[in-house]
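Visitor: I've got a structure to look at, and I'd like to talk about its aromatic rings. Could you walk me through it?

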Amino acid sequence: MKQVNKVAVLGAGVMGATIAAHLANAGIQVLLLDIVPAELSDAEKAAGLTITDPMVRNRIAAAGLEGLKKMKPAPFFLPGYACYIEVGNFDDDMSKLRDCDWVVEVVIENMAIKKQLFTDKVVPNLKEGAILSTNTSGLSVNEMAQCLPEKVRKNLLVTHFFNPPRYMRLLEIVSCDATDPAVTAFMADFIARRLGKGIVYGKDTPNFIANRIGVYAICNCVRTMLEMGMTVEEVDAVAGPATARAKSAAFRTADLVGIDTLRHVAKNSYDLLVNDEQREIFKFPDFVKEMVDKGLLGNKSRQGFFKKVKGEKVKGEKGQEFFYYDYTTGDYAPSQRPKFASIEAAKSIDDPAKRLQSLITASDKAARFAWTNLRDTLIYTFKRIPEIADDIVNIDNAMKWGFNWELGPFEMLDAIGVAYFVARAEQDGVQVPAGLKSIERFYKFENGRNYYYCVIDDEYREVPQEPGHISLSLLKKNSGVVERNSGASVIDLGDGVFCLEFHTKMNAIGNEILSMVHKAIKRTEEEGVGLVIANEGSMFSAGANLMLLVMAVAEGAYDEIAMTVRGFQKAMMAIKYSRIPVVAAPHNLAMGGGCETCLHADAMVPHAETYMGLVEIGVGLLPAGGGTKEMAIRAIKLAEENDIDATPFIFKNFMNIAMARVSMSAAELAPLGFMRHGDAITMDIDKRIHDAKLKAIAMAANYRPGRPLIDLKAPGRGVAASIKSQLWNMQQGGFISEYDQFLAGTIADVITGGDVPGGTLITEEYLLELEREAFVRLCGQKKTLERIQHMLKKGKPLRN
């Protein structure tokens, strides 16, 4: 098989429908089928429909599709992608499977039902050579294969998506004994490349890799909590980022996936893992069953281990009262927001390995809990090789991609120190596997390559790197850094392409990064053909460094602020008018100055999950690193190209800035005016830098450097007045405050070209001056300083 152009998804429940949505995100045609309803609904009866009407017969699949349109978080990149999905039913539309290259089954987790669907409905209609997969979360694929003809078995495998499929990177592939290895390889490549999934290879064992380890860790949290007399709130303070795991920790994760679902997975483990030495851990205590019986299921019932209740408004903000479930009383108790010295110390450490080591070696209750839980979990995980996977890389990736751990289990062992871990566990009287005692560490870097320890063969092997994946961390280990300061580095990607990498906290842009922009461009102009701006941090950039700004504002150092803004603008203009093509490859958050960096690049290759916006109004400012200028120019040029008035384009871009609109996917970047024709979206985050490199090389072949614009027709004061009149109406109607009206009016003055008649010729530099002057003027507002200080206190990226 060379391509997958159409996919049938069998089962239109939440999981089936959201898988269909993500296939549509990738531009793949989808056939979504489910059962025919047993009887008419009241609405159908009232409409005079019969059981033979297609609207009735397709009701369940159609409801699945409609549910996608209302679901939060959104399963589609763009609402319009729903048109890629065709609905139908198992009785009337199975013949359409003959047009499908891949059929994925997502019906109820019942072996008999799955087998019957395969034999009665799927096999008679399956296209020759089509792939058949099941999304089972733990049933045996080999048992399913027994009901299939031999020619179908070779194309059968598990493709286990994690929920929600758009956002969770992990996909577990499990082959049956008869699966053709070429089919497995093809599907792994296709799913990674087109759907952006991180592939791990599991074994045909209950709950595969991630759920086996993840559920064990949560079950162990419950047992250890009971033994130590802790609350669920205290446990979650420990079991999250402090131990290099997800922010949702243990019990918030349970609320997220559903306590009933978690209990079902744990029960499945207990029932099927009859020879597991830790089988009893999967039996939840009675209070968990009581919670399920009472309907306390987590987020879907709005109360689980935690709940929040709307309180009184405080200083104009919606108040929230938080509660946690007290298992000793069977009722909710007010949040105590527990604090532990070891956790507070760990919070200040950015590096997850050092953070974990700091916590484990402390001595308070939180540290003791962390050690006990991780001790048991890591030993359990080590003993699962080769039962659930053949190597540590698959297990580590499964936990990072499926449960959002910062470090995988074996990376944790390296962080703690294997020798220390073994000695302390034995001191606790815990039996340590003999194989673990002889290992110095699980990962190492040697002779320019990354290696992992193969437990089965007792030797180190090179960590696999997929074709088209560029690892900046590996290049840096191999002396690929050609320029560096505390904020950024320039890395040689080969073939004449360099990469400008940010590496500050949250990749906030300060003077060090701005300085390195100029150095990166100079070096590339002298020695290369193109520059990529990208990094491997948790986000592309949270924007400018607000801490430096708040100090200057507090001191009234407005000349210094003006110089800083001018420096930012110069760096952005250097990107825009360099003599070599510059390609930005953003991912995750690209806010404020991070967005402006991308806007000034020649091209963009964003990861599909890129959330970008000019959000400076959130702290009482306007984009002044060329962002407002750039959006004004794009509106003016678009009007010129189409020989029409610029007003609607100016107004649209003004609204994007004034309302701090943020893209909810890379697909939204074009409608927002951030991405241009010719830019491309990468689904596989690991291919993002490689794709940007190829883009830079392609552009370099016929690159024509630009020059700062000098003949722009200003929209003028008339357009600004029109915008301001609408702002006045909104303020009078109580929709915005006087301060918000003032801020938005300032943005309107800049984006329309200042106090000049419409059609006045202005320059790009003039727009930058307007930006700069407005920015400094806004810095003098008391409320601006208050907003910046509030944002810094929250410690979160600036976003709407």
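Visitor: Which residue lies over the face of Phe306?

Guide: First, a heads-up: this is a predicted model, where local features need pLDDT of at least 70, side-chain atom pairs count only at pLDDT 80 or more, and totals for chains, interfaces and linings use all residues. Residues are numbered from 1 along each chain as its sequence is written, and side-chain values use heavy atoms, leaving out hydrogens and water. A charge sits over a ring if NZ of Lys or CZ of Arg is within 6 Å of the ring centre and within 35 degrees of the ring normal. At 4.0 Å from the ring centre of Phe306, the residue is Arg252.

Visitor: How many aromatic pairs are there in the whole structure?

Guide: Rings of Phe, Tyr and Trp (its six-membered ring) pair if their centres lie within 6.5 Å; planes under 30 degrees apart are stacked, over 60 edge-to-face, and the rest tilted. Searching the whole structure that way gives 18.

Visitor: What is the angle between the planes of Tyr216 and Phe282?

Guide: Their centres are 6.1 Å apart and the pair is edge-to-face. The angle is 65 degrees.

Visitor: Is Phe282 buried or exposed?

Guide: Buried means under 20% relative accessible area, exposed over 50%, and partly exposed in between (1.4 Å probe, protein chains only). Phe282 has 2% relative accessibility, so it's buried.

Visitor: Which residues do ring pairs link into a cluster with Phe442?

Guide: Phe442 forms an edge-to-face pair with Tyr453, at 6.4 Å centre to centre and 80 degrees between the planes. Both Phe442 and Tyr453 are buried. Along with Phe442, the cluster holds Phe382, Phe410, Tyr453 and Tyr460.
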